[in-house]
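Welcome, and please have your viewer open. We will go from stop to stop, selecting residues as we go.

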Amino acid sequence: METIQIQYYQSICGKLILGSFEEKLCMCDWMNEERRAVIDKRLQNTLHAKYEIGNSEIITEAMAQLDEYFSRKRTAFDIPLAFIGTDFQKAVWNELLNIPYGTTISYAKLSQRLNNPKAIRAVAAANGANPISIFVPCHRVIGSNHKLTGYGGGLAAKKILLELEAGIKYLL
């Protein structure tokens with residue numbers, strides 16, 4: 001059985017679990033969420049791997065880049081990523097990478113970018129299944145009415161991330 005190295009990271013808006021597999025980041029996810037077990041099962045079953053607390057060059061670099069991001073010194077990440085999901089999910093996650101720092105788009109607009117304008121709910125579900133939060137910026141997707149909608153780390157975390165990127169002083 002393979003191993004997914006995991007480590008924990010305390011961010012300004014919640015605790016994250018980072019995971020690396022074969023020199024790629026496969027997880028940066030929120031510890032306080034209900035879907036944690038679903039993501040863990042998907043990663044471990046697909047990769048035929050178990051979690052092991054440890055460190056890797058990828059996790060060390062991911063933590064350094066997160067530190068820079070949260071201190072507003074980094075606006076883009078350059079960590080190799082391993083997308084573990086369906087082809088549709090991977091397409092959505094790849095499109096999330098094209099949302100510029102400090103901007104938001106709606107689920108409807110994201111569906112249009114994927115040439116599937118009627119798949120708003122499927123796109124939202126794939127967005128919600130993203131196991132690599134922050135690096136794959138699912139927090140930048142909002143409702144068509146410009147309101148914050150679901151987020152794995154909670155709406156308070158999503159608000160902090162968007163305020164951080166907008167240069168607004170956020171309240172903890």
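Start by selecting T75, A76, F77, I79, L81, L97, I99, I134, F135, P137 and R140, which line the largest pocket. A pocket here is an open set of points on a 1 Å grid over the protein atoms alone, where a 1.4 Å probe fits, with protein on both sides within 12 Å along at least five of seven lines; lining residues have an atom within 4 Å of a point. This is a predicted model, in which local features need pLDDT of at least 70 and side-chain atom pairs count only at pLDDT 80 or more, while totals for chains, interfaces and linings use all residues. Residues are numbered from 1 along each chain as its sequence is written, and side-chain values use heavy atoms, leaving out hydrogens and water.

Colour the lining by residue type: nine are nonpolar, one is polar and one is charged (Ala, Val, Leu, Ile, Met, Phe, Trp, Tyr, Cys and Pro count as nonpolar, Asp, Glu, Lys and Arg as charged, the others, Gly among them, as polar).

Next, select C138, listed by UniProt under "active site" in an unreviewed entry; such annotations may be inferred rather than shown by experiment. Look for C138 in the loop between helix 5 (120-128) and strand 6 (141-142) (DSSP runs, helices H or I of at least four residues and strands E of at least two, numbered from the N terminus). Is C138 buried or exposed? C138 counts as buried because its relative accessibility is 5% (buried is under 20%, exposed over 50%, partly exposed in between, with a 1.4 Å probe and protein chains only). Now show its contacts (heavy atoms within 4.5 Å): leaving aside residues up to four places away in sequence, C138 touches L96, N127, N130, S133, Y151 and K158.

Last stop: S106, in strand 5 (residues 105-106). S106 is buried too, at 16% relative accessibility. With residues up to four places away in sequence not counted, S106 touches V141, I142, G143 and S144.
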